[in-house]
Amino acid sequence: ERWRQAGKFAKLAGLFFPAGLLAACLRGRAEGWGAARVALAALALAACLEAPQLVVASRSPGVTDVLVGAFAAAAGWFAARVHREGLALPFAVSW
């Protein structure tokens, strides 16, 4: 059961990490955001994507899913900010 849960969280993080990467490429007002705003935006994104599970009978949303998704999206954003050269092979290897 523990491995199944870890696999679920890894898959969830793999879905949200690219969202953070893409968000870091946004131009305009979001370009100068600090850590607090990024964390709140990632948390809002994860909560909004988990909310539709409230109306699907076969699914149930979880707070840990929201937190893992928010952390992964924020990590993707910070990773893209650290690696200014883009999504190259050294970037993928370093993460």
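**A helical chain and its nonpolar core**

Ala-46 touches Phe-16, Val-66, Gly-69 and Ala-70, leaving aside residues up to four places away in sequence; contact here means heavy atoms within 4.5 Å. The model is predicted, with local features requiring pLDDT of at least 70 and side-chain atom pairs counted only at pLDDT 80 or more, whereas totals for chains, interfaces and linings use all residues. Residues are numbered from 1 along each chain as its sequence is written, and side-chain values use heavy atoms, with hydrogens and water left out.

The protein chain has four helices and zero strands (DSSP runs numbered from the N terminus: helices are H or I of at least four residues, strands E of at least two).

Ala-46 also belongs to the residues with the most contacts inside the largest nonpolar core, alongside Phe-16 and Ala-42, and this core has 14 residues. Such a core is a set of buried Ala, Val, Leu, Ile, Met, Phe, Trp, Tyr and Cys residues joined through side-chain atoms within 4.5 Å, where buried means under 20% relative accessible area with a 1.4 Å probe, protein chains only. Two or more core residues come from each of α1 (2-24), α2 (35-50) and α3 (63-82), and α3 gives the largest share, seven residues.

How do α2 and α3 pack? Their axes lie 8 Å apart at an angle of about 135°, with axes fitted to C-alpha atoms over the stretch in contact and angles running from 0 to 180 degrees between N-to-C directions.

Definitions and conventions: Buried < 20%, exposed > 50% of the residue type's maximum accessible area, 1.4 Å probe, protein only.
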